[in-house]
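Open the model in your viewer and keep the sequence panel beside it. Each stop below says what to select and what is there.

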Amino acid sequence: MTTTLASEYQRIRHTSAAICAPLARDDYQLQSIVETSPPKWHLGHVTWFFETFLLQAFVKNYQPFRAEYNYLFNSYYQTVGSMQPRAERGLMSRPTVEEVYAYRAAIDERMMALLSDADPSQAQAIAARVTLGLHHEQQHQELLYMDIKHNFWRNPLRPIYLPKTLPVQEAAPLEWEMREGGLIESGFDGDSFAYDNERPQHRVWLEPHRLASRLTTNAEYLAFIEDGGYQRAELWLADGWYHRKQHGWQAPLYWEQRDGQWYEFTLHGFESLNLAAPVAHTSYYEADAFARWSGKRLPLEAELEHKLRELPIKGHFTDSNTFHPQAGTGQHYGSLWEWTASPYTAYPRFQPLEGSMGEYNGKFMCNQWVLRGGACITPADHIRPTYRNFFYPHDRWQFSGIRLAEDV
């Protein structure tokens, strides 16, 4: 097994622990809503993934670190066994934080032994599974940032995850790029890593359209609010209007008005609303309503992918330690995951991975919507032009933003 893969394993595993380093021990147990999970659970689950799908699969006569962890840290793999209900992950005071870190250390030691002593006949299969596991852990690193932010926001003390003063910049002018239509190739077709939901490459017909040169700003979204956008049912999809009324939405998640002034909660604490920065933490329903109010629409995922293929993968990723979208042009990578008007469905001729790995993506292709581009909480080496993120249309705790499009 290559030393490069072992080094990548150690680096990515260390990153998860580093994300949690600013937390107090009490913070590891929090689960503010059913969509989030306690940081302690994330650390245990990604470790369970390696134990279950690597060690148990490739080590002869393997003895689990602790058999009960298969129930506690299984997420949704029905083929592996039953699991702790997602909404009740925050009820697990045990194992302790120290015990979870001991679990991580033990599995890491066993994984390094597997990587150094793998049977040559199994080396390729092991490498493929480890690579999937590392990208899986990077997905949970994004979730850690998302969940920590929501956990802290729900605390009346509004704790600060990482003290930092965010820059206040001017917004770039909004311009419209003409995009020609035609038959394009969409989806991944290469030898490097990609999820099964990105395959196979296939042809898609695009109509001529225009794309906004940057993401929608807080100032532009504030104009929608001040024009009664949250009170005008004609702007909303029926299900979106239901959610708006049921949950009392009046602004994006994490916005708060004090004495007539708007503020926004970030991982760096409460900040005065930066009008030039991209609006973040909107649901698909809000993004769609804003687009309709603007006389525009949301882009199709193939339209965004076609644009992303033309660009270098540059942006404010996690290595910038910004963890909040910044004003500027482009913003296609490393700012916010961009909502598309495309439902999350299978590509033509899609084939899920075999066995339990087939549960990774395919079974979620219902009632969710695709987002593209990566966010400021995305590791730079985790993103591709073909990467398909997906969330339910009412979700708002993810780092999601709005890029407008229009037909021509």
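**Before you start.** This is a predicted model, so local features need pLDDT of at least 70 and side-chain atom pairs count only at pLDDT 80 or more, while totals for chains, interfaces and linings use all residues. Residues are numbered from 1 along each chain as its sequence is written, and side-chain values use heavy atoms, with hydrogens and water left out.

**Stop 1: two domains.** Colour residues 3–154 as domain 1 and 176–407 as domain 2. These bounds come from an automatic or database domain assignment. The C-alpha centres of the two domains lie 27 Å apart. Across the boundary, 29 residues of domain 1 are in contact with 32 residues of domain 2. Contact means heavy atoms within 4.5 Å.

**Stop 2: an annotated stretch.** Select residues 9–142. An unreviewed UniProt entry places the feature "domain: DinB-like" here. Such annotations may be inferred rather than shown by experiment. The stretch is 57% helix and 0% strand. Its end C-alpha atoms are 17 Å apart. Helices (H or I, at least four residues) and strands (E, at least two) are DSSP runs, numbered from the N terminus.

**Stop 3: α1 and α5.** Select helix α1 (residues 3–20) and helix α5 (residues 123–154). Their axes come within 10 Å and cross at roughly 15°. Axes are lines fitted to C-alpha atoms, for helices over the stretch in contact, and angles run from 0 to 180 degrees between N-to-C directions. That angle makes α1 roughly parallel to α5. The cut-offs: under 35 degrees is roughly parallel, over 145 roughly antiparallel, 65 to 115 roughly perpendicular, and the rest oblique. Show side chains for the contact: L5, Y9 and I12 of α1 are among them, as are A127, V130 and L134 of α5.

**Stop 4: α1 and α2.** Do they run parallel or antiparallel? Their axes come within 10 Å and cross at roughly 165°. That makes α1 roughly antiparallel to α2. Y9, R13, S16 and C20 in α1 meet P39, L43, V46, T47 and F50 in α2.

**Stop 5: α2 and α4.** Now select helix α2 (residues 39–58) with helix α4 (residues 97–117). They pack at an angle of about 30°, with axes 10 Å apart. That makes α2 roughly parallel to α4. Residues that meet include L43, W48 and F50 in α2 and V100, Y101 and I107 in α4.
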